[in-house]
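Subject: Structure handover

Hello,

Here is the structure I promised to pass on. Please open it alongside this note.

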Amino acid sequence: MKILVTDGMDAGAIQALRDLGHEVVEQFYAPEELGKALRDFDACVVRSKTKVRANHIDEALGGRLKLIIRGGVGVDNIDVAYAEEKGIAVRNTPAASSESVAELAMGHMFACARYISIAGCTMREDKWEKKAYGKGIELQGKTLGIIGFGRIGQKLAALAKGIGMDVIAYDIYHVDGIEEKLGMKYVELDELFAQSDFISLHTPAINGKKLIDAENIAKMKDGAVFVNTSRGNNVDEDALLAALESGKLYAAGLDVYAEEPSANHALYSHPRVSCTPHIGAATREAQKRIGTEIVSIIKNF
């Protein structure tokens, strides 16, 4: 097979594909060039930067393209139904980065609770703001509400239980036996908002109404911490910023944004925001696991 890798991949996985006899081309294509380029490849591997839309698939039809792989969990950057309708298979690597994203979400929770991000920034400005940032909060004994209780949510729950947090979760699917296994409880969404000291969002992209909007923020406990390592377009950023400004929310930890790279300077520079540039799966270990899973997908395909 001739395989296009547009957004980078673990070097060991690329070598493994070449050892299997495949030709691998590492190159990013601008949106207006992507569709035509895809005609020359049997498979395409993307991460979050490359968007494969219906117009790209239309341009690729009649060529060699048979498989699109998303190196990661969400596939909202690919028009999956349209691709499969046209006979092009779509796969992803849902398990490979769960630990990395869960650990980053936990890191943001700590950073928000103890002002780690802003306190570090002020020290680099030669300021000693011990009084300003000496009134943090602890995670132990607090309630964590997880919205979206798939692989990542379950990993986060295990981490949170390990430091003494109570865990509740909302999901449209309930996994049998998991409440006893992890020591957590499924609740309805409004109940989660009302009870949680920390809320972590782990849902795929939702079309239409934003899940975290002014109405739902108003249902949250006063002084709650909100963390998002899933998809930025699930959050009304204006409503989130207003809640931080008013003190309704204590802090927010953000790895994803409505627009990426984010242009919302007022949000990501807010002193009560811990921010990272969409690096949830960006660990060495996760990239190796993603690469291994991609190799396996291609071999099986």
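First, the ground rules. This is a predicted model, in which local features need pLDDT of at least 70, side-chain atom pairs count only at pLDDT 80 or more, and totals for chains, interfaces and linings use all residues. Residues are numbered from 1 along each chain as its sequence is written, and side-chain values use heavy atoms, with hydrogens and water left out.

**The five-stranded sheet**

Helices (H or I, at least four residues) and strands (E, at least two) are DSSP runs, numbered from the N terminus. Two strands pair if DSSP finds at least two bridges between them. Five strands make an open sheet with parallel pairing, in the order β2-β1-β3-β4-β5. Its edge strands are β2 and β5 (89-92), and each pairs on one side only. From one strand to the next, the twist averages 20 degrees. Axes are lines fitted to C-alpha atoms, for helices over the stretch in contact, and angles run from 0 to 180 degrees between N-to-C directions. Contact means heavy atoms within 4.5 Å. Helix α1 (residues 11-19) packs on this sheet and touches β1 and β2. The direction of α1 makes about 145 degrees with that of β2.

Two pairings are worth a look. Strand β1 pairs with strand β2 (residues 23-26) in the parallel sense over four bridges. Strand β4 (residues 67-70) is joined to β5 by four bridges, also running parallel. There, I68 stands opposite V90 in β5.

Now zoom in on β1 (residues 2-5). Buried means under 20% relative accessible area, exposed over 50%, and partly exposed in between (1.4 Å probe, protein chains only). Both faces of β1 are covered: K2 and L4 on one side, I3 and V5 on the other, are all buried. L4 counts as buried because its relative accessibility is 0%. L4 stands opposite V25 in β2. Leaving aside neighbours within four places in sequence, L4 contacts V25, Q27, Y29, L38, F41, A43, C44 and V45. L4 and E103 are 30 Å apart in space, C-alpha to C-alpha, and 99 residues apart in sequence.

A charge sits over a ring if NZ of Lys or CZ of Arg is within 6 Å of the ring centre and within 35 degrees of the ring normal. The charged end of K2 sits over the ring of F41, 4.9 Å from its centre.

**The seven-stranded sheet**

Seven strands form an open sheet with parallel pairing, in the order β8-β7-β6-β9-β10-β11-β12. β8 (185-186) and β12 (273-275) stand at the edges with a single partner strand each, so one side of each lacks a neighbour in the sheet. Strands β10 (residues 224-228) and β11 (residues 249-254) run parallel, joined by five bridges. A224 stands opposite L249 in β11.

Two helices to find here are α5 and α11. Helix α11 (residues 237-246) packs on the sheet, touching β10, β11 and β12, at about 140 degrees to β11. Helix α5 (residues 98-114) lies across β6 (143-147), β9 (198-201), β10, β11 and β12, at about 145 degrees to β11.

**The cores**

A nonpolar core is a set of buried Ala, Val, Leu, Ile, Met, Phe, Trp, Tyr and Cys residues joined through side-chain atoms within 4.5 Å. The largest has 29 residues, of which M109, L144, I146, F149, L156, M184 and F198 touch the most other members. α5 gives the most to this core, with seven residues. A second, separate core has 26 residues, including L189, F193, M220 and A252.

**The aromatic pairs**

Rings of Phe, Tyr and Trp (its six-membered ring) pair if their centres lie within 6.5 Å; planes under 30 degrees apart count as stacked, over 60 as edge-to-face and the rest as tilted. The structure holds three such pairs. The rings of Y115 and Y250 have centres 6.0 Å apart and planes at 50 degrees, so this pair is tilted. Y115 lies in the loop between α5 and α6 (116-124), while Y250 is in strand β11, 135 residues apart. Both Y115 and Y250 are buried. F149 and Y186 form an edge-to-face pair, 5.9 Å centre to centre with 85 degrees between the planes. Both F149 and Y186 are buried. Y115, Y133 and Y250 form one aromatic cluster. The charged end of R272 sits over the ring of Y250, 5.0 Å from its centre.

Best wishes
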